[in-house]
Amino acid sequence: MTSLGQPLIHVEECESTQLLIEPDATEGTVAVADYQSAGRGRLGRTWEAPPRTAIHASIALRPPPTHPPQELTLVGAAAAADAVEVAADLFVQIKWPNDVMLNRRKVAGVLGELRDAMVVLGIGINVNQTREELPPDARQPAGSLRTITGREHDREAILATLLARLEHHYDAWRGGGLAALYQDLGARDFLRGRRVTVDGLAGTAVGIDRAGRLVLDVEGEQRLIESGEVSYS
Ligand code: BT5
């Protein structure tokens, strides 16, 4: 069983926790920060939260060469969804491929970066931000556990759940690939049945398949989307 959080690097401030993971980091190394001055989203975007309001964690994983490393984004999203759900006691969904949604608001995001044989999995969870402290111009409307549940939450406890759930899902994935998470992901699928546009292609989202692709129905024809940006109405 993989043990995550050994070692655990904790800093008050850094540019991005993704940069705290050294190239020779052993699997399970975790870096967390109370504040990121240059937090990263996907595709050169930024990830922002005021000091001590959110969880910023980067986890070093060394997946088997047989497994497509990009699938780890969904593994991370499943773990973040579980951690948010335990804290909020509300049903949490995953918007393919990397958004964690609570009450139609994005409360967490996942970023997978491939570095040789290592994947640095970055997970950000909005915990105690007030409405004013969330990015107003976010691509998806942003929320925090606090704005949605109306109370503050213990970041340490949520981080502990996140790492425990990631350990669980990562081991399941190592054993059986994404098929092992298929039911979980299906149950949490935010896009299923929605009219969506993926990089200009319009259709109805059918679901996430066993390889982690988004199945899109385009005028009766099924298309398999490997990666992309999804907007929905
Ligand atoms: C993500 O990117 O959702 C991946 C976020 C990963 C953040 C973690 S924190 C720990 C680790 N260290 C890092 O430096 N990063 C990782 P993406 O889907 O590209 O979403 C980015 C977009 O979300 C931005 O362009 C904003 O519109 C919006 N955004 C920024 N901060 C946000 C926040 N706190 N909550 C919700 N949306 C946010």
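Predicted model: local features only at pLDDT ≥ 70, side-chain atom pairs only at ≥ 80, totals over all residues.
In the domain assignment, the protein chain is divided into domain 1, covering residues 8–187, and domain 2, covering residues 195–232. The centres of these two domains, taken over C-alpha atoms, are separated by 23 Å. Where domain 1 and domain 2 meet, 16 residues of domain 1 are in contact with 14 residues of domain 2, and the two domains bury about 1,300 Å² between them, of which 57% is on carbon and sulfur atoms. On the side of domain 1, the residues that lose the most area to domain 2 are K95, W96 and Y182, and together these account for 51% of what that side buries.

The polar part of this interface can be described through its salt bridges and its polar contacts. Between domain 1 and domain 2 the count is 3 salt bridges, while 5 residue pairs are in polar contact, with both residues of each pair at pLDDT 80 or more. As for composition, the residues on the side of domain 1 that touches domain 2 comprise 9 nonpolar, 1 polar and 6 charged. A salt bridge also joins R45 and E229, whose closest N and O atoms are 3.2 Å apart.

From T17, a polar side-chain atom lies 3.0 Å from a nitrogen atom of the ligand. Backbone atoms face ligand oxygen in two further cases: a polar backbone atom of R42 is 2.9 Å from an oxygen atom of the ligand, and a polar backbone atom of R139 is 3.2 Å from an oxygen atom of the ligand. Taken alone, the ligand exposes 800 Å², and the protein buries 96% of that area.

Methods
Residues numbered from 1 in each chain as written. Heavy atoms only, no water. Domains from an automatic or database assignment. Contact = heavy atoms within 4.5 Å. Buried area = accessible area lost by both parts, 1.4 Å probe. Salt bridge = Lys/Arg side-chain N within 4 Å of Asp/Glu carboxyl O. Polar contact = N/O pair within 3.5 Å; in protein donor to acceptor, adjacent residues only side chain to side chain. Nonpolar A, V, L, I, M, F, W, Y, C, P; charged D, E, K, R; others polar. Areas by Shrake-Rupley, 256 points an atom, 1.4 Å probe, with all protein chains shown as cover.
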